[in-house]
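Here is a short briefing to read alongside your viewer. Have the sequence and the structure open, and we will go through the topics one by one.

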Amino acid sequence: MKQKNKRRKWTVLTVVFATFLVLFGALYSIAYSYEALLNKELGDLKNYRTVETGDGTKSTEYFVAKYKDADSIRDNSARVSEAIEAEGLVLLLNNGALPLKGSGLKVSLFGTGSVNINNSVQGMRGGVGGAQDNPKNLPNFRQALEEIGVTVNPVLWDFYTTGAAKNYGGEKKLDANTNIQTYYIHEAPWSVYDATITGSFASYGDAAIVVFTRDDTEGADMNVAGSDGANGNYLALSPEEKDLLKELTALKGNGTFKSLVVLLNEAAPLQMDFLKDQTIDVDAVMWIGNTGMTGIKAVAKALVGQVVPSGRASDTFAYDNLQTPAMIAWAANQYGVFSRAYDTTELDNTQKYYGVYNEGIYVGYRYYETRYEDTVMGRSNVGVFHYDDLVAFPFGSGLSYTEFAYSDLSVKDNGADGTYTVSVKVTNTGAEYSGKEVVQIYVQKPYTSYAVKHGMEVASVELCGYAKTGVIAPGNAETVSVTVEKSSFASYDTYGAGTYILDAGDYYLAAGKDAHDALNNILAAKGYSAETGMDADGDAALAWKNTVAEQDKTTFAVSDETGLPIDNKLAFADPNRNAGAEDNLVTYVSRSNWTKTMPDGPVVLSLTDAFMKELQSDIEPASTGTLPAFDQSSGLTLIMMRGKAYDDPDWDKLLDEMSYEELNTLLTTAYCITAPVASVAKPQTNEMDGPTYCKEGKTDSRFPCAGIWSSTFNVDLVWEVGEALANDCLFAGYNGMWIPGINIHRTPYGGRTHEYFSEDPFLTGTACAAEIKGLQEYGVIAYPKHYVFNDQEANRNGIAIWLNEQEAREIILRPWLYACSPSRGNAHGVMSSFNRAGNFWTSAADTLVNGILRDEFGFNGIIITDMADANGTVYMSCVDGITAGTDIWLSSGKDHSFMQYRNNATVVNAMREAAKRVMYNVVNYSAAMNGVSDTMRIERVYTWWEYVVTGALGLAGVLTLVSLICLLVSMRKKKESAE
């Protein structure tokens, strides 16, 4: 009986310990699958150490930070944040109310946004329903005003912060039935303003300052339906906001307030139809964007004239946001969301959604100005179009507290360097204020019979150059010179030459104070005037004409960067050219017939068999070529390759030293890092997200939204933002940032409007290039995002984007040329996007990655995917991406692996090339190499959790083995006793 009990005990213990062994084994596997993520979350643990085998006397500080302590970094960031807001805020309307004048000013601040300014880099304020993203100790609006001697109504302030209005303010909610996130304004109604509140107004009546605030955020577009803005439109004023303006108008009428000023505190252009309401009388409107850490100080100073506004609108402000080609189709979709689903149940959530860019090149002002010109010139099929009923403030518009006059336009052809120099004399004709002026240069290309025949669209004006003056005193002048690239004159001819061409005809360069002003100057040069249909007379002297006698199909058909041909590469993304689209034809908007091509409903596509096939992924290619060597020993380390050319034969020797396991880890484990490689002494790099702050920074540095940066029209200031971000990043231990965001404001409703610069590709491109240079000067590799066609957020995981190649080339891709070309921004990294181009995930579209980004733009940096765990696990295929030119996966390594392709030479050689690009860019451009010498080696070490997990696994194994042995012994004794 005693023996039987022992046997039962050891049986139970064996089962228990074996169970623990299995569990700990699973834990071991999971832990190492998420090793990178786990190390980061546990305090940036390192599983390697560097060992110096030399004497340590060689200098290894390849990149030197400018600011090296938290206080100096924060102080500089605060200075830059205020400076860029000061030059970026845009005075849209002013009837003389601003600047507020007089000593002892007393004002009343209205709107829940006045006490909860959107200074957030994530687009969402803290507070009711908002993301708690606001850092501590930032000045609020009241503090900013009182700092410069303006007294703020304390009764009204308390009303919003602790009184009856404290629970009002912006929020967002997810609808469980539709899975649509809806933003709500939730402004306090006038009915909650009691007699105590209204009785305080007269004592603080120098101005009623109203703040209208909106939020936006990653993962959800802003609503055109379902919100509490007028007609469900989140970017329209709500009934409560309009009531507030009406009541304040009445109070201004009876003398309680001297003026009524509106501040637009949001990244996206608010719909301006309230200005046409006869019961509302607003004296001034200023767009201030999202203000960052100290931008609200600049806003306060601008209100009293200590800052003279010089920003110019980086987007068009419309009376009705929904009357562009893109928004007409967008708003017609169910629930007013951009995306649609194919009518099928056969696809998963990463395959079934699609969206169509039906507008072609007519994005933002390109639509408004082109249709305006066609109306003035009396072209056929223009239809009914009243510019002044649609556009409140044109792209590039903005007022100052003084006036500037332009004269003496001249254009110099610089010949072989491929540029013109446009010079304009700018005179401050005001009497009181000094200020800066933005000179904008626009190009007009001819819209010819050839263009009509071949479906080549041409906008009436396109921004092609700009410069900002210094501070000009009253009566003084400055001559500004602007460089314009001749490539700005070319149009992409998809259906004719299949490349960029210079069509025959008249070309114009015009200076203007905004896009509309420049167009009017061109129309004046053509002989038109207010008497013949223009809304204002232009100045023909500010337009220069050049006639091209013969069409040129060769000059712009090759890349300036690489010398390789530029040709059609995106037929697969256009239903009209995709061979498998069948009857899925899209009517793109064309100025050849506005009335028949403007959308009158949603753009609907059907799922074809060919589309279904293209949507599949993870297809292993045939193995061709020779497998490279691994685990060789040549004595080379990565630092020895610093400064060597990309085609230096030593790169092959270095790569031969890696093991296949190291190669796999490097490419698939890039969650905020690139992995260390011990065999070649490559250190780990650390990357962080942005785009307008370092998310894991240690100084609470924050900058205004990117639209404010671009509205400065001052690339030197944007460079300073890049410098400030780089120093903050380095102090926090990061040497790469996933910034800047350079998708386009295709419409005002994109969820990441706060991250992106503008509706204009040239302004976006030049601004982002400046930021990238500021970052990379300090060894922080920039990864601009999201490549490409990620101009909206709805159902972004795997959504198929359909568009024509001309829009892709001239609008969406152009900022990437500026960001990534070696002669311009020279970014050393790129982040790809969640979405598809046509049916192909963008990072797996060879012609997008290799064909355009690398071969045409000359980019030789690192391409990382967007989040490849969770969101992208299903469709961000390793084999599809690596063979298309993608390098590393933003992943913990668990969900992505190349181990199964060990014997496929095609895949392995693509992996090797990807590893080479990572190594080349890290060693030459990353501050992660600081401190690494050619006598340094990397050794593997174990983190504390590895000891715990390994120890638990080992203990469970030992106990299982011991209990099993004891069980076997007890069973043998039983047998012996039985015998």
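## Helix on sheet

Helix α14 (residues 515–525) lies across β16 (438–444), β21 and β22, and runs at about 130° to β21. Please keep in mind that this is a predicted model. The mean pLDDT of the chain is 94, with 96% of its residues at 70 or more.

**The four-stranded sheet**

- The strands that α14 lies across include β21 and β22, and these belong to an open sheet of 4 strands in the order β17-β16-β21-β22, with antiparallel pairing.
- The edges are held by β17 (462–468) and β22 (543–548); each has a single partner strand, so one side of each is left without a neighbour in the sheet.
- From one strand to the next, the twist averages 20°.
- Strand β21 (residues 505–512) is joined to β22 by 6 bridges, and the two run antiparallel.
- If you want a place to start looking at this pair, Gly 505 stands opposite Val 548 in β22.

**The three-stranded sheet**

- A second topic is an open sheet of 3 strands, ordered β28-β31-β32, with parallel pairing.
- Here β28 (829–831) and β32 (888–890) are at the edges with a single partner strand each, so one side of each is left without a neighbour in the sheet.
- Neighbouring strands of this sheet are turned against each other by 25° on average, direction ignored.
- Strand β31 (residues 862–867) and β32 run parallel and are joined by 2 bridges.
- Met 867 has Leu 890 as its bridge partner in β32.
- As background, strands of a sheet pair through backbone hydrogen bonds, either parallel or antiparallel.

**Helix pairs**

- Two packed helices are described by the angle between their axes and the distance between the axes.
- Helix α20 (residues 715–731) packs against helix α21 (residues 761–776) at an angle of about 40°, and their axes are 7 Å apart. That angle makes α20 oblique to α21.
- The crossing of α20 and α21 is right-handed. On the α20 side, the contact is made by Val 715, Val 718, Trp 719, Gly 722, Glu 723, Leu 725 and Ala 726. On the α21 side, the residues are Thr 766, Ala 767, Ala 770, Glu 771, Lys 773, Gly 774 and Leu 775.
- By class, the residues of the contact of α20 with α21 divide into 8 nonpolar, 3 polar and 3 charged.
- Helix α3 (residues 70–88) and helix α9 (residues 295–303) also pack at an angle of about 40°, with axes 7 Å apart. This makes α3 oblique to α9.
- The crossing of α3 and α9 is right-handed. Ser 81, Glu 82, Glu 85 and Ala 86 of α3 meet Gly 295, Lys 297, Ala 298, Val 299 and Lys 301 of α9.
- The contact of α3 with α9 divides into 3 nonpolar, 2 polar and 4 charged residues.
- Helix α18 (residues 660–668) and helix α26 (residues 905–925) have axes that come within 10 Å and cross at roughly 65°.
- The crossing of α18 and α26 is left-handed. From α18, the contact takes in Tyr 660, Leu 663, Asn 664, Leu 666 and Leu 667. From α26, Val 908, Met 911, Arg 912, Ala 914, Ala 915, Val 918 and Met 919 take part.
- The residues of the contact of α18 with α26 divide into 10 nonpolar, 1 polar and 1 charged.

**Backbone points to check**

- Most residues other than glycine have a negative phi, and most peptide bonds are trans.
- The peptide bond from Lys 785 to His 786 is cis, with omega near 0°. His 786 lies in the loop between β26 (781–782) and β27 (800–802).
- The peptide bond from Tyr 787 to Val 788 is also cis, with omega near 5°, and Val 788 is found in the loop between β26 and β27.
- Asp 618 has a phi near 65°, a positive value in a residue other than glycine. Its place is in the loop between α16 (609–615) and α17 (650–656).

**Confidence**

- Over residues 127–132, pLDDT stays under 50, and the model has 17 contacts beyond four places in sequence for them.
- Where pLDDT is low, the predicted coordinates should not be read in detail.

How values were computed. Residues are numbered from 1 along each chain as its sequence is written. This is a predicted model: local features need pLDDT of at least 70, side-chain atom pairs count only at pLDDT 80 or more; totals for chains, interfaces and linings use all residues. Side-chain values use heavy atoms; hydrogens and water are left out. Axes are lines fitted to C-alpha atoms, for helices over the stretch in contact, and angles run from 0 to 180 degrees between N-to-C directions. Angles under 35 degrees count as roughly parallel, over 145 as roughly antiparallel, 65 to 115 as roughly perpendicular and the rest as oblique. A crossing is left-handed if the near helix is turned anticlockwise from the far one by less than a right angle, and right-handed if clockwise. Contact means heavy atoms within 4.5 Å. Ala, Val, Leu, Ile, Met, Phe, Trp, Tyr, Cys and Pro count as nonpolar, Asp, Glu, Lys and Arg as charged, and the others, Gly among them, as polar. pLDDT is the predictor's confidence in each residue, from 0 to 100. Two strands pair if DSSP finds at least two bridges between them.
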